[in-house]
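Subject: A structure for you to look at

Hello,

Here is the structure I promised to hand over. Please open it first, then read my notes beside it.

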Amino acid sequence: MQDQVVASLDDFDEDDAIFQDINLLQEHGINAADLKKLKTAGICTVKGIQMSTRKHLSQIKGISEAKVDKIKEAAAKMVTPGFISALNFSSKRRQVFKVSTGSEDLDKLLGGGVESMAITEVFGEFRTGKTQLSHTLSVTTQLPGANGYTGGKVVFIDTENTFRPDRLRPIADRFDLDQNAVLDNVMYARAYTSEHQMELLDHVAAKFHDEPGIFKLLIVDSVMALFRVDFSGRGELADRQQKLAQMLSRLQKISEEYNVAVFLTNQMTADPGATMSFQADPKKPIGGHILAHASTTRISLRKGRGELRIAKIYDSPDMPESEATFSITNGGIADAKE
């Protein structure tokens, strides 16, 4: 019993370590000017240094390989590396919260809602409710929820110019929230190229660091649109997938480093070879295996009758493969009316 108490105390130390500011490295002989350069590159915590490779750190302007070794050495002293027991990790996972989607059936499908410290991806054809779900989550994230979840702010990165702030107003009315307060809690950025999209993530990391615990959800709608435009043909496919992998790795690290939920929407493509194998649905999500492995939970959306939409668990580490029906209303995503 005593061992368990000690273990749980160690846990809290580990949790505190997540938000250790890199300025603490000055105590270990790291120059303040060098730390400022790291922050400019979006690395703001000691854990963030652990999550970056030596190669990536040495590419930051003004940081030499010798400095990288010194920074890595100092960070290693502050964060205890190594293994923890599954019991220990289980209690650490208690920090994870779930954000409601606005539909009880869809929440049930997801095991309570969109999970923090994870990437949730929804994909489907046009008019299946991907952007409507993004807008609804922008409001529901601000509501207090289960297990002591207090609600928080949202960052919305828009790559297709589909974000409409006025769409949030009727959703706010549905949940009896002040419209202007809801809009004020959503930080919006329009990304124009895949490189710009990656740069915005550095600003996001800095924002999450400046206001720890305030932001709860990061939305990218849609994750692949700009990669589809910037890289064309099979000749650039390898380069595209490498850049995509780097961006998804960055998203995963942000979600774990700052305990936020990451919600991605994705497009579909027709698979010409599927007709040869007599598949029922020849369409598949774009992004290939890179995106498939990076997403923690994948949900496919398809149209039902009228305003009804059907969500299906496509891939999840802990949820069974099943379906849920929801509807798109003026007040956002809601349960399907029988």
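First, a term: two residues are in contact when they have heavy atoms within 4.5 Å of each other. Take the contacts in the protein chain between residues at least 6 apart in sequence: 66% of them join residues at least 24 apart.

Now the ground rules. This is a predicted model, in which local features need pLDDT of at least 70 and side-chain atom pairs count only at pLDDT 80 or more, while totals for chains, interfaces and linings use all residues. Residues are numbered from 1 along each chain as its sequence is written, and side-chain values use heavy atoms, with hydrogens and water left out.

Overall make-up

The protein chain has 14 helices and 13 strands. Both are DSSP runs, numbered from the N terminus: helices are H or I with at least four residues, strands are E with at least two. Of the 338 residues in the protein chain, 47% are buried. Buried means under 20% relative accessible area, exposed means over 50%, and partly exposed is in between (1.4 Å probe, protein chains only).

The sheet

Which strands form the open sheet, and in what order? There are nine, and the order is β5-β4-β6-β7-β3-β10-β11-β12-β13. The pairing is mixed. Two strands pair if DSSP finds at least two bridges between them. At the edges are β5 (186-190) and β13 (332-335), and each pairs on one side only. Neighbouring strands of this sheet are turned by 25° against each other on average, direction ignored.

Strands of a sheet pair through backbone hydrogen bonds, either parallel or antiparallel. You can find both here:

- Parallel: β6 (residues 215-221) pairs with β7 (residues 261-266) over four bridges. Leu218 stands opposite Val262 in β7.
- Antiparallel: β10 (residues 297-303) pairs with β11 (residues 308-315) over six bridges. Leu301 stands opposite Ala311 in β11.
- Antiparallel again: β11 is joined to β12 (residues 323-329) by five bridges. Here Ala311 stands opposite Ala324 in β12.

Four residues lie between the strands, and Gly306 takes a positive phi near 60°.

Angles here run from 0 to 180 degrees between N-to-C directions; axes are lines fitted to C-alpha atoms, for helices over the stretch in contact. Helix α11 (residues 194-210) packs on the sheet and touches β4 (153-158), β5 and β6. The direction of α11 makes about 175° with that of β6. Helix α13 (residues 237-257) lies across β3 (118-124), β6 and β7, and runs at about 130° to β3.

How do α11 and α13 pack together? Their angle is about 10°, and their axes are 10 Å apart. The two helices are therefore roughly parallel to each other. The cut-offs are these: under 35 degrees is roughly parallel, over 145 roughly antiparallel, 65 to 115 roughly perpendicular, and the rest oblique. On the α11 side, the contact is made by Gln197, Met198, Leu201, Asp202, Ala205 and Phe208. On the α13 side, Gln246, Met247, Arg250, Leu251 and Ile254 make the contact.

The cores

A nonpolar core is a set of buried Ala, Val, Leu, Ile, Met, Phe, Trp, Tyr and Cys residues joined through side-chain atoms within 4.5 Å. The largest has 31 residues, and Leu106, Leu137 and Phe263 touch the most other members. A second, separate core has 29 residues, including Ile119, Met224, Phe231 and Val260.

Loops to check

The loop between α8 (130-140) and β4 holds Gly152. Asn147 is in the loop between α8 and β4 as well. Are they buried or exposed? Gly152 counts as buried, because its relative accessibility is 13%. Asn147 counts as exposed, because its value is 84%. Asn147 also has a positive phi of about 55°, although it is not a glycine.

Asn259 sits in the loop between α13 and β7. Its phi is near 50°, again positive in a residue other than glycine. At 12% relative accessibility, Asn259 counts as buried.

Last, find the cis peptide bond. It joins Asp221 and Ser222, with omega about -5°. Ser222 lies in the loop between β6 and α12 (225-230).

Best wishes
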